[in-house]
Amino acid sequence: MSRHVDTVTDAAANPDAAQPFAELGLKPDEYQQIREILGRRPTSAELAMYSVMWSEHCSYKSSKVHLRQFGDKKPETDALLVGIGENAGVVDIGDGWAVTFKVESHNHPSYVEPYQGAATGIGGIVRDILSMGARPVAVMDPLRFGAADHPDTRRVLPGVVAGIGGYGNCLGLPNIGGEVVFDSSYQGNPLVNALCVGTMRHEDIHLASAKGVGNLVVLYGAKTGGDGIGGVSVLASETFDEGGPAKRPSVQVGDPFMEKLLIECTLEVLHAGLVEGIQDLGGAGISCATSELASNGEGGMHVRLDAVPLRDATLTPEEILMSESQERMCAVVTPEKIDAFLAICRKWDVTADVIGEVTSTGRLVIEWHGEIIVDVPPRTVAHDGPVYNRPLARPDWQDELIASGSSELARPSTAVEIRDTIMTMVASPNLAAKTWITSQYDRYVLGNTVLAQPEDSGMVRVDEVTGRGVAVSTDCNGRFAKLDPYNGAKLALAEAYRNVAATGAAPLAVTNCLNFGSPEDPAVMWQFSEAVRGLADGCLELGTPVTGGNVSFYNQTGDTAIHPTPVVGVLGVIEDVTKRTPMGFASAGDVVLLLGETRDELDGSEWAHVVHGHLGGVPPKVDLAAEMVLAALLVEFGGTGALTAAHDLSDGGVAQALVEMALRRGVGAMISLPAEHDAFVALFSESTARVIVTVSPARFDEVMSAAAAAGVLVTRIGSVGEAGSDLVIENVVGDSVTLSLAELSQASEATLPALFG
Amino acid sequence: MARVVVDVLLKPEILDPQGKAVEGALGRLGLSGVSSVRQGKTFTIDVDGDLDDARLAQLHELASSLLSNPVIEDYSIREVTA
């Protein structure tokens, strides 16, 4: 078939041809800017490239001015080997080991096609980690869905979970944790975030840059097909308007076995020293890979687009540039090493083709059967796109929301009512056991998983000789962020930080996935700017740098945005994973201690949400100084074996934490609430900077005096029972509450299978 | 009674890893000259009475909502002799 291809010559000869820039998502002034950069109208191929690369998803045009704070407020640290801006940040974890980790969103694709959307989300983040030169060793998935009993949640959740499990399990990567949160604000806009952790030696770090004039550009991996064309600009940057035109491009389908070959092939060519620069192909496909490699390198690249191996021979050059076919990578290789590179690709059955070379022209030139269809300065495509200072305004409903606190809500006032409340909360979808989901994931493949869901953090061993390992936790309470985006982001950071420390790992670095509504809504933009400011301030105070992350805008239907959801991932280091602190009650007679101060903080709590369907007021106070002191204590005494268990207090408060600690290993406890405390507040408040720990009687005095010296408030609240014993809570409004493990387990485990099984 | 067959196939632009695996295996087993394999599903449905327009419309509804995933798959319906 012959089709006229719009060349640079055509663009010059026919300067006023009408172009569908608006349909491709470009604004008139952006189109004008492209014309000014080029000094002529863009060719259709150039227009395709600019439109995807200047989309919100690829260019960060609305978020850039705010994200700069992560660099400006970066804490002093030696741990950061590679910072923001590369595919993923890299941190030094000691002994010559480096770890790279990053979380990304795949929200919109997962709503359209839950299984493939979630599966390719895993595939994409794994390639990001791989392109830094690291071996992917674990994944995690922070997920958010609409109301648990909504029919659409029943459509989306099982597909998403199966997609994550299907892709991750086939790849042979353990899924070590994440979150599952239900809230009607995510109805129609589920959040499917994916995190990957990779490990490498310091000398193995690789960057995405095309250096060395004359070096060859190789595209390898799967062939390019017509899947996901325009997915980046259309799927990730447009709101799903109800009743609007069906702008629904075909989605991408992942092939995890191809990805596994790509991982092994890539690591082999990297270790053999055959690669000068490397980049994964994700959103925006070849457009993104070639322009970013060229922009980061010496600025010039010549590409022969007709050399790209195709799955579908009828694809037009514009479609090839925009295709988001999965499982592809791009490498820059010297001519001397190209044969060795291609030989390794053949060994792994991976298609590899030289599609161009690095030049000194400062231009990215793309030809199609001998005709020039793209001739652009690569920086203008990849890095110097439009930047918006979008208007932001604190929403007019914010004051009303804050004024409507939880103090008017009816609180349980007798032991019987408190018992009923505990049972209701244990069985509520957000607090119930997530076994139905996590049992679909392989959590232990590779044999290095030390802790996985439902533990506070996922933990994997990195060095099989020394036992050095890393722990990762992701957290965010969207309700808190709705009430106060600035402190909500800090609270997410504090919780993830505490979760990592609770396992005995020292928190080191942060990644984030910022999920928000439309940036064109000043109220959403205000939420976003506040959350970024909060997270940047929090990271500076905690001394944990942001290594990278992702922004997902347009998570809204009509005028209704999701709760602001800045998901924060914290990574920590533990010198010997055999000394980690698990979360479950273990040895009878161990002392149960509550570390930290409990205040009457129920606004935005899980209790208000589950029992009253209420959201309003002021979220719990953030005290990062207290978090740091607490974390230091947890890491120190975790390492010496003084702590036999530790569990972070967050959603559902002390009551939920005690239930989870008892159910973890089927060991109850005798708890006695301090007489001076209001039992309801003691059990359900969500005050931060608190953990419950257990200590063997022999180490009790040592822990008490260290805690006192550090200024951490310690309350002795009971002792661990025998295996199978009840969870008994005394001093509950003059009575005691006895909960058998059987009834707790039944209540906790039955919820998700009943909804989705 | 009438018998209809519903064929469900991935849309042509969608990657079909299973079809690709079969294609690769055919080559390894010595069958040359195969350029593409796409795998899908077939449903054989027996319906009572005649296959009138109303019944056919019902089957199309069923095929598009239950038997196929319209986001990534196409279907076709044909009548066969039972």
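At 4% relative accessibility, Asp590(A) counts as buried, where buried means under 20% relative accessible area, exposed means over 50%, and partly exposed lies in between (1.4 Å probe, protein chains only). That is our way into this structure, which is a predicted model: local features need pLDDT of at least 70, side-chain atom pairs count only at pLDDT 80 or more, and totals for chains, interfaces and linings use all residues. Residues are numbered from 1 along each chain as its sequence is written, chains are lettered from A and ligands numbered from 1 in the order in which they are written, and side-chain values use heavy atoms, with hydrogens and water left out.

**Back to Asp590(A)**

Asp590(A) sits in the loop between strand S21 (565-574) and strand S22 (591-595) of chain A. Helices (H or I, at least four residues) and strands (E, at least two) are DSSP runs, numbered from the N terminus. Which residues does Asp590(A) contact, leaving aside its neighbours within four places in sequence? They are Thr644(A), Thr694(A), Val695(A), Ser696(A), Pro697(A), Gly718(A), Ser719(A) and Val720(A); contact here means heavy atoms within 4.5 Å.

Asp152(A) belongs to helix H8 (residues 151-171) of chain A. Its relative accessible area is 19%, so Asp152(A) is buried. Not counting residues up to four places away in sequence, Asp152(A) touches Tyr111(A) and Gln187(A).

Next comes Gln69(A), found in helix H5 (residues 64-72) of chain A. Gln69(A) has 16% relative accessibility and so counts as buried. Apart from its neighbours within four places in sequence, Gln69(A) is in contact with Lys74(A), Val532(A), Arg533(A) and Ala536(A).

Then there is Pro109(A), in helix H6 (residues 107-112) of chain A. Pro109(A) counts as buried too, at 12% relative accessibility. Pro109(A) and Gln252(A) are 143 residues apart in sequence, yet 8.6 Å apart in space, C-alpha to C-alpha.

**Two helices of chain A**

Now for H16 (residues 415-427). At 1.5 Å a residue, the 13 residues of this helix of chain A should span 18 Å, and its end C-alpha atoms are 19 Å apart, which agrees. (The expected span of a helix is 1.5 Å times one less than its number of residues.) The buried residues of H16(A) are Ala415(A), Ile418(A), Thr421(A), Ile422(A), Met423(A), Met425(A) and Val426(A). What do they pack against? Their partners in chain A are helix H21 (606-612), helix H23 (653-665), helix H24 (679-684), strand S27 (727-732), strand S28 (735-739) and helix H26 (741-756).

Helix H10 (residues 256-271) of chain A has 16 residues and reaches 22 Å from its first C-alpha to its last, close to the 22 Å expected at 1.5 Å a residue. Among the buried residues of H10(A) are Pro256(A), Met258(A), Leu262(A), Ile263(A) and Cys265(A). After H10(A) comes Gly273(A), whose phi is positive, near 70 degrees.

**The two chains**

Chain A has 26 helices and 28 strands. The radius of gyration of chain A is 26 Å, close to the 27 Å that the globule rule gives for 757 residues, so chain A is as compact as a globular protein of that length. (The radius of gyration is taken over C-alpha atoms, and the globule rule is 2.2 Å times the number of residues to the power 0.38.)

Chain B has two helices and three strands, and from the N terminus on its elements run β-α-β-α-β. The radius of gyration of chain B is 16 Å, well over the 12 Å that the globule rule gives for 82 residues, so chain B is more spread out than a compact globule.

Here are some values for each chain:

| Chain | C-alpha span along principal axes | Buried residues |
|---|---|---|
| Chain A | about 90 × 55 × 45 Å | 65% of 757 residues |
| Chain B | about 50 × 30 × 15 Å | 29% of 82 residues |

How do contacts reach along the sequence? In chain A, among contacts between residues at least 6 apart in sequence, 85% join residues at least 24 apart. In chain B, residues 24 or more positions apart account for 71% of the contacts with a separation of 6 or more.
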